[in-house]
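Okay, thanks for coming, everyone.

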Amino acid sequence: MLKRKIIVNKKAKTWQERYPLVSVQWKDICSDSSWQSIPSAQAAKLPVCVTKGHLLSQSKGITRIFGDYSEKDDGSIDEIGNTTIIPNSVIVSIKKLTQK
């Protein structure tokens, strides 16, 4: 289902070029514990969610995103946080965002 793969540039000079800012649309699991008719349950749709962050990697069927990072004195990344791991099979689209 992955509509577009963005290549992580391992030879980039800056971490911003290596880990581009992206927006990922993906379908999530949905459950409902209320009573409903069969036609209503059959008409239910999967919600499309959006995750934005820096693309860490896309390999072995998994896309990894991070939202937070700490920098070393030289401006390189020390550690990352707020990571999201999304199976490629549920991704609707992924697009590179421009940074200003």
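**A quick tour of the fold**

So, what have we got here? The protein has two helices and five strands. Keep in mind that this is a predicted model. If you read along the sequence, the pattern goes α-β-α-β-β-β-β. The radius of gyration is 17 Å, well over the 13 Å that the globule rule gives for 100 residues, so the protein is more spread out than a compact globule. If you box in the C-alpha atoms along the principal axes, you get roughly 60 × 30 × 25 Å. Of the 100 residues, 24% are buried. And if you take contacts between residues at least 6 apart in sequence, 60% of them join residues at least 24 apart.

The five strands make an open sheet in the order 4-3-2-1-5, and the pairing is antiparallel. Which strands sit at the edges? Those are strand 4 and strand 5, residues 91-96, and each of them pairs on one side only. On average, neighbouring strands in this sheet are turned by 45° against each other, direction ignored.

Let's follow strand 3 for a while. On one side there's strand 2, residues 48-59, joined to strand 3 by five bridges, and the two run antiparallel. If you want to find that pairing on the screen, look for S59, which stands opposite I62 in strand 3. Further along, H54 stands opposite F66, again in strand 3. Strands 2 and 3 form a hairpin with two residues between them. In that turn, K60 has a positive phi of about 50°.

Strand 3 also pairs with strand 4, residues 77-87, and here we count nine bridges, antiparallel again. One of the bridge partners to look for is E79 in strand 4, across from S70.

Okay, side chains. In one of them, the rings of Y19 and F66 have their centres 5.7 Å apart and their planes at 75°, so that's an edge-to-face pair. Y19 is in the loop between helix 1 (15-18) and strand 1 (21-27), while F66 is in strand 3, residues 62-71, so this pair ties together parts that are 47 residues apart in sequence. Are those two residues buried or exposed? Y19 is buried, with a relative accessible area of 17%. F66 is buried as well, at 1% relative accessibility.

Last stop: the cysteines. How many disulfides are there? The count comes to zero. For reference, the cut-off for a disulfide is within 2.5 Å.

So, if you only remember a few things: an open sheet in the order 4-3-2-1-5, an edge-to-face pair of Y19 and F66, and zero disulfides. That's it from me, over to you.

Notes:
Residues numbered from 1 in each chain as written. Predicted model: local features only at pLDDT ≥ 70, side-chain atom pairs only at ≥ 80, totals over all residues. Heavy atoms only, no water. Phe/Tyr/Trp six-rings, centres within 6.5 Å; stacked < 30°, edge-to-face > 60°. Helix = DSSP H or I, 4+ residues; strand = E, 2+ residues; numbered from the N terminus. Buried < 20%, exposed > 50% of the residue type's maximum accessible area, 1.4 Å probe, protein only. Pairing = 2+ DSSP bridges. Axes fitted to C-alpha atoms, helices over the stretch in contact; angles between N-to-C directions. Rg over C-alpha atoms; globule rule 2.2 N^0.38 Å. Contact = heavy atoms within 4.5 Å.
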